[in-house]
Amino acid sequence: MAIVFFLNVMCAVQFVTWPESYAPSYGLPPTPESYAMVAGLGVAFLMWNVTYPAVIASPTRFRALFVVVLCQQLIGLVGESWILWQLVGAGLGGSLMAGGILRFIIFDAGGLVLMLAAFIVLQLRK
């Protein structure tokens, strides 16, 4: 879980700090509005990850919060998949935006598998 947290926060900080570097990866034009959109996504990542440190520090004590973290990860994965499906349906499956979202799907799916495995191990240790 700590690895997923670290990578999420690293991505968030980069999106907030250098949004102009990431906007083109999503097919967004080089405008202040696009940069604000990417930075806002970084802020959302930070908000999403605020629950992780307590679970990392004490997964048994914060077992219920661990379930919340898993739900957050699942919601992200389902939401990103839905967005990609919408792009594919609009004929934009090969677009930069679709490629960027696919990277998030792959990362979030891997993160969910790793965190779910850790949660199952924790449950078996009860």
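**Entry 1, ground rules.** I am working with a predicted model, in which local features need pLDDT of at least 70 and side-chain atom pairs count only at pLDDT 80 or more, while totals for chains, interfaces and linings use all residues. Residues are numbered from 1 along each chain as its sequence is written, and side-chain values use heavy atoms, with hydrogens and water left out.

I looked up the largest pocket and noted about 280 Å³ of space in it. Here a pocket is an open set of points on a 1 Å grid over the protein atoms alone, where a 1.4 Å probe fits and protein lies on both sides within 12 Å along at least five of seven lines, and lining residues have an atom within 4 Å of a point. The volume is the space filled by probe spheres set on the points, which are joined across faces, edges and corners. The lining has 17 residues, of which C11, F15, F45, F104 and F107 are the closest to the centre. Helices α1 (2–17), α3 (32–48) and α6 (96–124) each supply at least two lining residues, and the largest share, six residues, comes from α1; helices are DSSP runs of H or I with at least four residues, numbered from the N terminus. By class I recorded ten nonpolar, four polar and three charged residues, where Ala, Val, Leu, Ile, Met, Phe, Trp, Tyr, Cys and Pro count as nonpolar, Asp, Glu, Lys and Arg as charged, and the others, Gly among them, as polar.

I then turned to the second largest pocket, with a volume of about 220 Å³, whose lining includes Y26, L28, E80 and M97. Two or more of its lining residues come from each of α3, α5 (63–89) and α6, with the largest share, four residues, from α3. This lining divides into ten nonpolar, no polar and one charged. I also checked M97, which is placed in helix α6 and counts as partly exposed at 25% relative accessibility, a class that lies between buried (under 20%) and exposed (over 50%), with a 1.4 Å probe and protein chains only.

Helix α3 gives the largest share of the patch, three residues, and L46, which lies in α3, is partly exposed with a relative accessible area of 37%.
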